[in-house]
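Hi,

Here is the structure I promised to pass on.

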Amino acid sequence: MNPEVLDLIIKGVESLPALVMAGIDIYNRVEQIKALAQGAKDGTLTSVDIAKVRADFDANLDDFNKPMT
Amino acid sequence: MKKLLLAVALSLSLGGCVTLQDLSTGISLTTKSIVNPVTPADEAQVEVALNAAIDLLQAYKHACAQGTADVNCRANVAQIQAYTIHVKPLVVQLRSFVDSNDQVNAAVIYNQLKALYVNVKATASQLGINLGSSTI
């Protein structure tokens with residue numbers, strides 16, 4: 001894997017302890033990271049899996065970017 | 001005379017270090033897009049990792065809406081949104097370049113996304129929101 005990409009992944013995953021400290025359930029996020037990493041390693045990751053990740057990210061980001069009323 | 005020689009040797013040594021470092025950085029950046037392409041799997045993992053950071057920002061925003069966050073939270077959210085609003089179009093471009101295996105443009109967009117993430121993280125940190133312990 002590209003070391004630059006790996007670095008960004010590591011830094012992003014580092015936010016997980018902060019999520020726990022904030023009382024947020026990280027189970028689904030951790031499962032998602034595990035499944036992706038395993039799929040990439042085994043070569044079983046499909047375009048459907050990737051599309052699901054992208055859709056999840058879009059929805060979460062769009063929700064955060066909505067102005068506060 | 002010995003001092004002069006030492007100074008010259010030191011300056012040559014330091015000058016050499018800088019040049020080598022610059023060169024190696026240049027090589028690293030040049031080869032990144034060819035030897036280590038950004039695959040769709042890599043890009044998806046970046047999105048999951050970034051999504052974890054967005055989770056935390058979401059929690060702060062929700063707490064703010066419920067009135068349980070700090071008094072400046074609305075301004076803080078708006079300040080972070082000024083950066084996160086630019087993430088979406090970059091991610092859309094990155095996906096497109098990765099899918100079409102345009103590694104040169106994928107690397108350019110990837111670096112912009114990385115810089116944006118640094119800004120989001122720094123701004124959040126200034127506002128007391130911890131998105132992780134280390135810097136990129």
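First, the housekeeping. This is a predicted model, so local features need pLDDT of at least 70 and side-chain atom pairs count only at pLDDT 80 or more, while totals for chains, interfaces and linings use all residues. Residues are numbered from 1 along each chain as its sequence is written, and chains are lettered from A and ligands numbered from 1 in the order in which they are written.

**The two chains**

Chain A has four helices and zero strands, and chain B has five helices and zero strands. Helices here are DSSP runs of H or I with at least four residues, strands are runs of E with at least two, and both are numbered from the N terminus. Of the 69 residues in chain A, 30% are buried; for the 136 residues in chain B the figure is 32%. Buried means that 20 or more other C-beta atoms lie within 10 Å of the residue's own, exposed means 12 or fewer, and partly exposed is in between, with C-beta atoms placed from the backbone. In chain B, 58% of the contacts between residues at least 6 apart in sequence join residues at least 24 apart (a contact being two C-beta atoms, placed from the backbone, within 7 Å).

**The core**

The largest nonpolar core has 40 residues, and Leu94(B) and Ala106(B) touch the most other members. Such a core is a set of buried Ala, Val, Leu, Ile, Met, Phe, Trp, Tyr and Cys residues joined through C-beta atoms within 7 Å. The largest share, twelve residues, is from α2(B). Setting aside residues up to four places away in sequence, Leu94(B) touches Glu43(B), Ala106(B), Ile109(B), Tyr110(B) and Leu113(B).

**α4(B) against α5(B)**

These two helices pack at about 155°, with their axes 9 Å apart (axes are lines fitted to C-alpha atoms, for helices over the stretch in contact, and angles run from 0 to 180 degrees between N-to-C directions). That makes α4(B) roughly antiparallel to α5(B), the cut-off being an angle over 145 degrees. Among the residues making the contact are Leu90(B), Leu94(B) and Phe97(B) of α4(B) and Ala106(B), Ile109(B) and Leu113(B) of α5(B). By type, the contact residues come to eleven nonpolar, three polar and no charged (Ala, Val, Leu, Ile, Met, Phe, Trp, Tyr, Cys and Pro count as nonpolar, Asp, Glu, Lys and Arg as charged, and the others, Gly among them, as polar).

In the loop between α4 and α5 of chain B sits Asn101(B), whose phi is near 60°, a positive value in a residue other than glycine. Most residues other than glycine have a negative phi. Asn101(B) is exposed, with 11 other C-beta atoms within 10 Å.

**Two chain A residues that touch chain B**

Arg29(A), in helix α3 of chain A, counts as buried because it has 20 C-beta neighbours inside 10 Å. Beyond four places in sequence, Arg29(A) touches Asn51(B), Ala52(B) and Asp55(B).

Phe64(A) is in helix α4 of chain A and is buried too, with 21 C-beta neighbours inside 10 Å. Leaving out neighbours within four places, Phe64(A) contacts Ile54(B), Leu57(B), Gln58(B), Lys61(B) and Thr84(B).

Cheers

Definitions and conventions: Parallel < 35°, antiparallel > 145°, perpendicular 65-115°, else oblique.
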